[in-house]
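Good morning, and thank you for coming.

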Amino acid sequence: MAIQAPATRPVNPRFSSGPCAKPPTFSLDALKDAALGRSHRAAIGKSKLKDAIETTREILGIPADYRIGIVPASDTGAMEMAMWSLLGQRPVEMLAWESFGSGWVTDVVKQLKLDAVVKTADYGEIVDFTTVDFDRDVVFTWNGTTSGVRLPNGDAIPADRDGLTICDATSAAFAVDLPWDKLDVVTYSWQKVLGGEAAHGMLILSPRAVERLESYTPAWPLPKIFRMTKGGKLIEGIFRGETINTPSMLAVEDYLFALDWAKSVGGLAGMIARADANTAVIGKFVAENDWIDFLAVDPAIRSNTSVCLKFSDDRIKDGAAFAKAVAKRLADEGVALDIGAYRDAPAGLRIWCGATVETSDLEALVLWLVWAFESEVTAQ
Ligand SMILES: Cc1ncc(COP(=O)(O)O)c(C=O)c1O
């Protein structure tokens, strides 16, 4: 017997974990003032890039003495620029708990060939920060997008550390209150919590990170798009919007729109509140249904953006096939797009709960999850 489909559908079925849903008020018309066909070095281009940097500082509460740069190649570009430019001066500790963190380990161990201490945790868990030596340079991911975990806070990071902390905050920026005094390098891309476009990365540097850049030259060659110093001095222009190479002014306009929207919902506090409310919908749904669980068992480390779920029901014969079939059923119905678990992650679902997703859409989605689960249990 066919399971009755819910009456209400999500208005926006986009629950992808990147690129994420655009802000609810977005339309292409929002980009009509883009400085298209103009030089990014002309006054209009420069002022938009500077505005992007300073509005980012204002919303995220980034200290005045931290540099903020718009760099090529999205978050990956920002992270690799940081690692290639800063690492090698002192011992390194790499922390990884999912696919992207593991990618940074590969960069450092296999490409830069540094003899790093590598600490890993399984999907759904994080490394115990009390075991980390912060006199080393430490590289980690705040929010594990592919495993649905996040750091609960930065309390274990000492203020008087000798090493630098290099933090990939792609799925955390604009969804958590990052402790800037504990972080020397923070990166993210526009395509995540803000629902912006990919292409450019944000690279945020503490004064100590700048000091390292100005006092240390890595042993390996640095391509032009990684170079942040000239003659041993920081190229300050990069952090005023004089980008290393040509940015997309369309993507910049889109970012400015997303920042404006973030302000309109209450800035960082409003963005966090929206993500928390969204995650609470999933939390209630998981509590009410014994066939589904969070991949992150400990609530203290559960992400409020990339929420990862696993099925737990004895009737399921092939876990991976089942999860895929549920995601496909929902996509075919047009009620949830791109919610299958990441390709390297354990089988299950991954539902983006960042601020650009409407809580009412998640409330509609969970009813469809029940429908898809029951339909698939019957059909398998
Ligand atoms: C934690 C994390 N780091 C890095 C990336 C790579 O980001 P991008 O593709 O924007 O470079 C992602 C993308 O999903 C991510 O989730």
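The axes of helix α7 (residues 319-333) and helix α8 (residues 359-379) come within 9 Å of each other and cross at roughly 125°. Axes here are lines fitted to C-alpha atoms, for helices over the stretch in contact, with angles from 0 to 180 degrees between N-to-C directions. Helices are DSSP runs of H or I, at least four residues, numbered from the N terminus. The angle makes α7 oblique to α8, since under 35 degrees counts as roughly parallel, over 145 as roughly antiparallel, 65 to 115 as roughly perpendicular and the rest as oblique.

From α7, Phe322, Ala325, Val326, Arg329 and Leu330 meet Trp368, Ala372, Phe373, Ser375 and Glu376 of α8; contact requires C-beta atoms, placed from the backbone, within 7 Å. These residues divide into seven nonpolar, one polar and two charged. Nonpolar covers Ala, Val, Leu, Ile, Met, Phe, Trp, Tyr, Cys and Pro; charged covers Asp, Glu, Lys and Arg; the others, Gly among them, are polar.

A word on the source. This is a predicted model, in which local features need pLDDT of at least 70 and side-chain atom pairs count only at pLDDT 80 or more, while totals for chains, interfaces and linings use all residues. Residues are numbered from 1 along each chain as its sequence is written.

Turning to Val11, this residue lies in the segment before α1 (43-60). Leaving aside neighbours within four places in sequence, Val11 is in contact with Glu358 and Asp361. Val11 and Ala331 are 320 residues apart in sequence and 14 Å apart in space, C-alpha to C-alpha.

Key:
Helix = DSSP H or I, 4+ residues; strand = E, 2+ residues; numbered from the N terminus. Contact = placed C-beta atoms within 7 Å.
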